[in-house]
Amino acid sequence: MKKTKKLILMASVLAAVCAANPALAQQGKDDPLTKYRDMLAGDNPAELSEMKGEALWKTARGPNKVSLEKCDLGVGAGVVAGAYVKLPRYFEDTKMVQDLESRLVTCMVMLQGMTPAEARKNPFSSPGKPSDMEALASYITSQSRGLKMATPLSHPKEKEAYAIGKQIFYYRAGPYDFSCATCHGAPDKRIRLQYLPDLTNPKDAREAYATWPAYRVSQGEVRTMQHRLNDCFRQQRLHEHLYTSDAITALTMFLARNAEGATYNAPALKR
Amino acid sequence: MADPMRIRAAEKAGVTEVKVLMSHEMETGQRKDGAGKIVPAWFIQNVSFKHKDKEVFTAQFGTSISKNPLLSFRFKGAAKGDKIVVNWVDNHGDKRQDEGTVI
Amino acid sequence: MKQNRRDALRIASIMGLAVAAGLIKPGDAWAQAQDWNKTAFDAKTLGDTLKALGGSNASMSAAVQIDAPDIAENGAVVPVAVSSTLANVQQIAIVVEKNPSALSAAFTIPAGTEPYVATRVKMAQTSNVHALVKADGKWFLATKEIKVTLGGCGG
Amino acid sequence: MNKKKFYVAAAGTLAIALVGCAGISTLGTGSGPSDAEAAKLAQQTMKSSFVTSGIASVDRLNQDELQRLCTEYAGKEIPKEVSEKIEKSQLAAIAMPASANLIGNWQEGEKIAQNGRGLTFTDKATDVGGGNCYACHQIAPQEISYGNIGPSLYNYGKLRGNSPEVVEYTYKKIYNAQAYAACSNMPRFGHQKILTQAQIMDLVGLLLDPQSPVNK
């Protein structure tokens, strides 16, 4: 009897430890930024980008003067709803694992007749130079809101991408000796006042992936996963990666897959 | 041309809360570009809200309203289904008019 | 004075005709009729801003509330809401003391509209933020300090 | 896409779903490449995915011996002989300044601790970089926006005094943290030429000068 009780107690303690959500701790009473974040929640300028992206998706563009409405994002030609939570994935027609932005480039080239260079021309907006890619990503990701992350990991190329992504995550290099894990490999860490998701912990990994793309109030733009990783590499003091490169796809695969089961909730609003 | 606004207006117990997001750079005139040159100020100056042709709220903005401005206010007298007409004009004379429905 | 008013009315009716004739879209007519208080937006101090808005002095009042965070994670977007329990509120203004141009925004509150506004302002640095409220022809004031922190990786 | 194939894929996905409290390191990759194979593929992938941009050239991907070892032991316990080897070699490579007084100007040190710029592909070679110390450490109490990847340095000098040993250790620790803690997260500010000797001395001042707000 006593033993059973002890076991139950141990199990419940374990459960409590498992349930302890660092993301919730961020919103605890002692976090001085709680009020700031609460007041911003609800009115997300990303919605302007979603509206713009939807119009772009449906507008005939490129030399072929067709819209993207027949673009196959992995769940059927023209299907946007639920596409993002199943990316990145292997695509038979390109024989590649592709994330959303890589796939959009493919559609702009194959359907709309743009050159790859044209399609990749302005991936990240700057003041006065809005990016179609960011708007399209805002719209497409918004159509997965509320769904569970379910990135496939069955094709050998998907498995390979995951394994490569994991290696990149831990790869220390550059003048600062940083890897992704330097900032995202331990619980409850902050840079300045910003909490860093521990991407080696499933709970944080889910919460983090499920909230990109995001409208960055510090930049006044919706930033995509490609931009997030590009800027992480920049801050790591590595050199610049090519937009939609294999390294980014692999790392995204690793992160997306580790977010398995997360309820997708983006475009979000972040600092 | 300016991008559309997102307008939300919800009526509850006779009070309608209006929330509008406007798509605009809101350049302060203080920022320098990559080449070190000052980027000229470019910002929304006036916003007006009308319900049944009656002005129910107006705003004058300076350069320190955040990019993609949010504006929210509350007024009495609207019913569900009524239209709210929002206009803005910026210092270049660019403007935008959109309409929202009270829910 | 009377003459001016009549002129204004005449202009208004001409504009109305132009709109009706399809010469000017309603938005255009509206845009051309707007006033923007340059003097107020050029003012560097709370006092000069108040003067430009037509006030001479404002008294601190607990009937004016500023709802804003104590600390902002980023100065580019700082949420600020102003409300008041005063009767007959006609105008609300938000002033950020240490910004290059102190006045962020000024709002008119017609009868039937509640004395409440919420927006987001840019703050160059930690500063006092003032809410000016004109009610029954008199100006009232509330003040709150908002700290702006440095965030992110810093590069 | 073949529908049947898709359902098979979905079933496979479910089979590898995370269980309970398991960490991500235990997440199976099925028949994917081994770690060693993946490491090799990752090198190739990164080489083909990165381009020289501004001051950041592609050779930044090339690891030195320490980076290679710390990558190899990431998330694992580092064997004692490996960590001792790292610390010894890093300590031996520290260059001491000519000046006998290592306590620089704390006001300058504070600016360096606040400055997070330098060495990114958007920085210029002529930009004066900083240490970005507040990103990871609490230092002077006036700055409320500080990180916690590293320990708090508030009262650093007050707690330790400023004997010659403490001064020398502090300089060397900033110069090369790996000399005392193999595979530390802290950049090797002197060794990797992120900061100059004079800048490091100013940081020593920030931490040890009795007049610095750190020790008030």
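1. A residue is called buried here when its relative accessible area is under 20%. In this predicted model, Trp57(A), with a relative accessible area of 2%, is therefore buried.

2. Over all chains the structure holds 18 aromatic pairs. One of them joins Trp57(A) to Tyr139(A) in a tilted arrangement, with 6.4 Å from centre to centre and 55 degrees between the planes. The two residues are 82 residues apart and link distant parts of the chain, Trp57(A) lying in helix H4 (residues 46-57) of chain A and Tyr139(A) in helix H7 (residues 132-142) of chain A. Tyr139(A) counts as buried, at 8% relative accessibility.

3. Phe169(A) and Phe254(A) also form a tilted aromatic pair, at 5.4 Å centre to centre and with 50 degrees between the planes. This pair connects helix H8 (residues 156-170) of chain A, which holds Phe169(A), with helix H12 (residues 246-258) of chain A, which holds Phe254(A), across a separation of 85 residues. Phe169(A) is buried at a relative accessible area of 1%, and Phe254(A) is buried at 1%.

4. One aromatic cluster brings together Phe49(B), Phe57(B), Phe73(B) and Phe75(B) with Phe107(C).

5. Two arginines sit over tyrosine rings: Arg190(A) lies over the face of Tyr146(D), at 5.2 Å from the ring centre, while the charged end of Arg160(D) is placed over the ring of Tyr156(D), 4.0 Å from its centre.

6. In helix H4 (residues 80-92) of chain D, the buried residues are Val82(D), Ser83(D), Ile86(D) and Gln90(D). Viewed down the axis of H4(D), these buried residues fall within an arc of 95 degrees, so they line one face of the helix. They pack against helix H3 (65-72) of chain D, whereas Lys80(D), Glu81(D), Lys85(D), Lys88(D) and Ala92(D) are exposed on the other side of H4(D).

Conventions: Residues are numbered from 1 along each chain as its sequence is written. Chains are lettered from A and ligands numbered from 1 in the order in which they are written. This is a predicted model: local features need pLDDT of at least 70, side-chain atom pairs count only at pLDDT 80 or more; totals for chains, interfaces and linings use all residues. Side-chain values use heavy atoms; hydrogens and water are left out. Buried means under 20% relative accessible area, exposed over 50%, partly exposed in between (1.4 Å probe, protein chains only). Helices (H or I, at least four residues) and strands (E, at least two) are DSSP runs, numbered from the N terminus. The arc is that of the directions from the helix axis to the C-beta atoms. Contact means heavy atoms within 4.5 Å. Rings of Phe, Tyr and Trp (its six-membered ring) pair if their centres lie within 6.5 Å; planes under 30 degrees apart count as stacked, over 60 as edge-to-face and the rest as tilted. A charge sits over a ring if NZ of Lys or CZ of Arg is within 6 Å of the ring centre and within 35 degrees of the ring normal.
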